[in-house]
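Me: I have a structure open and would like to go through it piece by piece. Could we start with the strands and then move on to the rest?

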Amino acid sequence: LSRVYYGSISSAADPRFTASRLNNLEEIEYAEPKFMHYINDVPNDPLLANQNNAFNRMNAFNGWTIAKGSASVPIAVVDGGTYWQHEDLTPNMRAKQSEDVNSNGRFDLGAPPAGDEDGIDQDGNGLVDDVIGWNFANNTNNPRGLASTPNSAAHGTATASHFGARANNSIGMAGSSWNCSIIGVCAASATSDNGIAYGFEGIAYAYASGAKIINCSWGRTGGYSLFEHDVINAATQAGALVV
């Protein structure tokens, strides 16, 4: 992936035609447009709120007698943003050890010693204070969805909640993985609601941040992408399962 570069073209130019011209250059291994992805539709049926219906189909209740999730298997939600301050999600948000300034295992706002935001890129990945994840839509360390794209934000939070809501805490809903460790990655478009503009950048960030499972509830129609294939291969080789 270190050999992948982005380029910009005029809005009047045809991306596919431009890529085909670039592909004729022997110095370029491949060139292709950067594709936009779209969040999967979520039905609004009233029975959707009945979690038992879904959990019974998953055989989750029997499964929980064997395992209830573990913080040692971080799950990244690459989506429209995660409202990590929600009381049912905050306990399961992973604090990256290298960026956790006071080493208490959670993300604390404010300057040390009270918090983790010290303006220093401790792990040297080029992203400052990415303790619980990253927001590619606004290039900040807050993976919460944007107010300008509310559907994306709601979708990302709902997706994280399906597996990441803390269970058995007498609050809200139960996630399928009771005690998991969530890495929040906002991959939303900053201007187009329901759009995922940084999905594969988000996947690359997730596996580099130690995610073992990477959830991507979005997709697109259209042609095959070598870049996207390379990212998935890299994530798989790093030991992550991309769903």
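Reply: Let us begin with an open sheet of 3 strands, ordered S5-S1-S7 and paired in the antiparallel sense. At its edges are strand S5 (195-196) and strand S7 (218-219), each of which pairs on one side only. Please keep in mind that this is a predicted model.

Me: How many bridges join S1 to S7?

Reply: Strand S1 (residues 37-39) and S7 are joined by 2 bridges and run antiparallel. Within S7, Trp218 is the residue that stands opposite Ile39.

Me: What holds paired strands together in general?

Reply: Strands of a sheet pair through backbone hydrogen bonds, and the pairing may be parallel or antiparallel.

Me: Now S2. Which sense does its pairing with S4 have, parallel or antiparallel?

Reply: The pairing of S2 with strand S4 (residues 181-186) is parallel and extends over 6 bridges. One of the residues involved is Ile75, whose bridge partner in S4 is Ile182.

Me: And what about S2 and S6?

Reply: S2 is also joined to strand S6 (residues 213-215), by 3 bridges, and these two run parallel. Here Val77 has Asn215 of S6 as its bridge partner.

Me: Why is S2 described as largely enclosed?

Reply: S2 is largely enclosed by the rest of the structure because 6 of its 6 residues are buried. Both of its faces are covered: Pro74, Ala76 and Val78 are buried on one side, and Ile75, Val77 and Asp79 are buried on the other.

Me: Let us zoom out. How many helices and strands are there in the protein?

Reply: The protein has 6 helices and 8 strands. Read from the N terminus, its elements follow the order α-β-α-α-β-β-α-β-β-α-β-β-α-β. The protein is as compact as a globular protein of its length, because its radius of gyration of 19 Å is close to the 18 Å that the globule rule gives for 243 residues.

Me: What does it span along its principal axes?

Reply: The C-alpha trace of the protein spans about 60 × 45 × 35 Å along those axes.

Me: How much of the protein is buried?

Reply: Of its 243 residues, 39% count as buried. As for contacts between residues at least 6 apart in sequence, 68% of them join residues at least 24 apart.

Me: Which residues have the most contacts inside the largest nonpolar core?

Reply: That core has 22 residues, and those with the most contacts inside it are Val78, Ile203, Tyr205, Ile214 and Trp218. At least two residues of this core come from each of S2, S4, helix H5 (199-208) and helix H6 (226-237). H5 gives the most, with 4 residues. Another core lies apart from this one; it has 13 residues, among them Met93, Phe107, Val131 and Ile132.

Me: What does Ile203 touch, leaving aside its neighbours in sequence?

Reply: Beyond four places in sequence, Ile203 is in contact with Val78, Ile214, Cys216, Trp218, Val231, Ile232, Ala235 and Val242. As a general point, nonpolar side chains tend to be buried together in soluble globular proteins.

Me: Change of topic: Glu228. Is it buried or exposed?

Reply: Glu228, which is placed in helix H6, is buried, with a relative accessible area of 11%. Its side chain is joined to that of His37 by a polar contact of 3.0 Å. Leaving aside neighbours within four places in sequence, Glu228 is in contact with Glu32, Phe35, His37, Phe200 and Arg220.

Me: Where is Asp108 found?

Reply: Asp108 is in the loop between strand S2 (74-79) and strand S3 (133-135). Asp108 counts as buried because its relative accessibility is 11%, and the cut-off for buried is under 20%. The side chains of Asp108 and Asn102 make a polar contact of 3.3 Å.

Me: Last one: where is Ala167, and what is it in contact with?

Reply: Ala167 is in the loop between helix H4 (150-164) and S4, and it is buried at a relative accessible area of 6%. Apart from neighbours within four places in sequence, Ala167 is in contact with Ala174, Gly175 and Trp178. Gly223 is 56 residues away from Ala167 in sequence, and their C-alpha atoms are 40 Å apart in space.

How values were computed:
Residues numbered from 1 in each chain as written. Predicted model: local features only at pLDDT ≥ 70, side-chain atom pairs only at ≥ 80, totals over all residues. Heavy atoms only, no water. Buried < 20%, exposed > 50% of the residue type's maximum accessible area, 1.4 Å probe, protein only. Polar contact = N/O pair within 3.5 Å; in protein donor to acceptor, adjacent residues only side chain to side chain. Pairing = 2+ DSSP bridges. Rg over C-alpha atoms; globule rule 2.2 N^0.38 Å. Contact = heavy atoms within 4.5 Å. Core = buried A, V, L, I, M, F, W, Y, C linked by side-chain atoms within 4.5 Å.
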